[in-house]
Amino acid sequence: MGQMKRNSNFELLRLISMYMIVFIHANMYLPYFCQGRVRFFFNGLANGICNIGVTCFILISGYFGLQFSLKKLWKMECMMISFSLLETLILYILMPQEMQGTVLLEQLIKSCFPVITRKYWFYSCYICLFCLSTYINKFIDWLKKEEFGRLLGILLLFFSVFPSVFYFEIIPDNGKGLFQMIIIYMLGRYLRKYEIRSLSKGWAITLFCVLWLVNGISHEIPISLGGIYHHLCKDNSITNIIMAIILFNLVSKWTFQSDMINKLAKYVFAVFALNNSLVSAVMHLLKQREVLQPSGGMGAIALMALVMGIMIFCILIGALREILIGKIENKILNHLVEMIMSNRNMLKWKRGME
């Protein structure tokens with residue numbers, strides 16, 4: 001019998017989520033691509049859905065469960081440092097006037113210490129979640145289903161529903177932080193551990209589209225009162241979380257295998273590391289050469305294609321890095337882990353002899 005191939009539905013969702021994340025970064029340049037009613041419509045359309053990208057990504061992590069591994073931790077850190085240094089080089093080449101003096105020095109320092117400097121908020125929070133995952137998983141396994149459900153309800157009420165309705169937040173980060181990531185991870189674990197009732201496919205798609213519309217309208221026609229500027233297009237908005245759960249459940253029912261999708265999904269961290277700066281650099285070059293001219297609907301399509309191109313380029317960089325140094329890196333990390341474990345076992349043995 002041949003080896004069973006891995007289902008590609010969630011790998012495809014990872015790629016879709018990454019596209020949404022890159023798109024939300026590029027969408028701030030939308031006025032250079034289209035104006036007027038087209039811009040109003042497309043901006044609401046994009047912001048109404050793309051902010052669920054991170055939530056979908058963490059739901060997948062929670063569904064499958066993170067398992068702490070020293071080797072995996074070091075591998076992720078080596079990847080992000082190398083991508084971050086490459087990012088600095090790209091910015092220096094494409095935007096030399098901006099990358100000078102203290103700006104360049106700060107960029108280099110952050111590239112060498114991406115976690116503690118929070119150069120990429122998602123990565124710093126993800127590493128913290130990864131390191132805490134063993135204890136979070138044990139805590140979840142200790143809880144009964146009813147207790148787990150009540151806990152999630154309380155967390156979502158205080159940190160998602162209330163901020164969505166009343167604007168004010170207990171943790172003022174719009175959901176771009178570790179606490180929100182832990183909540184979504186726990187939600188993913190709940191979806192894995194307990195089968196919950198889901199809407200029929202038709203009703204699920206209808207609710208998804210309604211929430212998408214509500215999000216888009218709230219972004220384009222926000223509540224503006226004094227210092228308050230409130231809309232629902234935030235990572236911790238309850239509308240976004242519900243949309244992410246619906247999309248997750250719909251994708252979970254697909255069954256197909258694709259080696260290409262599985263391979264592409266392996267390099268999503270390269271997209272996380274490189275996309276924001278590449279978007280800035282590409283837009284800078286296009287504006288500098290006066291290539292960008294608002295052109296209605298075709299401009300919006302051009303932006304979508306540009307985002308896809310940037311994402312593909314990042315994935316290719318990730319694949320090239322793996323080809324060039326992947327095997328050597330794995331050998332070095334294996335050796336380091338063996339040394340650490342050997343020293344740890346030796347230390348335990350000595351303590352036992354005392």
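1. Buried means under 20% relative accessible area, exposed over 50%, and partly exposed in between, taken with a 1.4 Å probe and protein chains only. By that scale Cys209 is partly exposed, at a relative accessible area of 41%. Cys78 also counts as partly exposed, because its relative accessibility is 33%.

2. This is a predicted model, in which local features need pLDDT of at least 70, side-chain atom pairs count only at pLDDT 80 or more, and totals for chains, interfaces and linings use all residues. Residues are numbered from 1 along each chain as its sequence is written, and side-chain values use heavy atoms, leaving out hydrogens and water.

3. The count of disulfides (pairs of cysteine sulfur atoms within 2.5 Å) comes to 0. For Cys78, the closest cysteine sulfur is that of Cys112, and the 12 Å between them is too far for a bond. For Cys209, the closest is in Cys50, at 14 Å, which is again too far for a bond.

4. The protein chain holds 13 helices and 2 strands, both being DSSP runs numbered from the N terminus (helices H or I, at least four residues; strands E, at least two).

5. Of the 354 residues in the protein chain, 46% are buried. Contacts are heavy atoms within 4.5 Å; among those between residues at least 6 apart in sequence, 82% join residues at least 24 apart.

6. The C-alpha trace spans about 75 × 55 × 55 Å along its principal axes.
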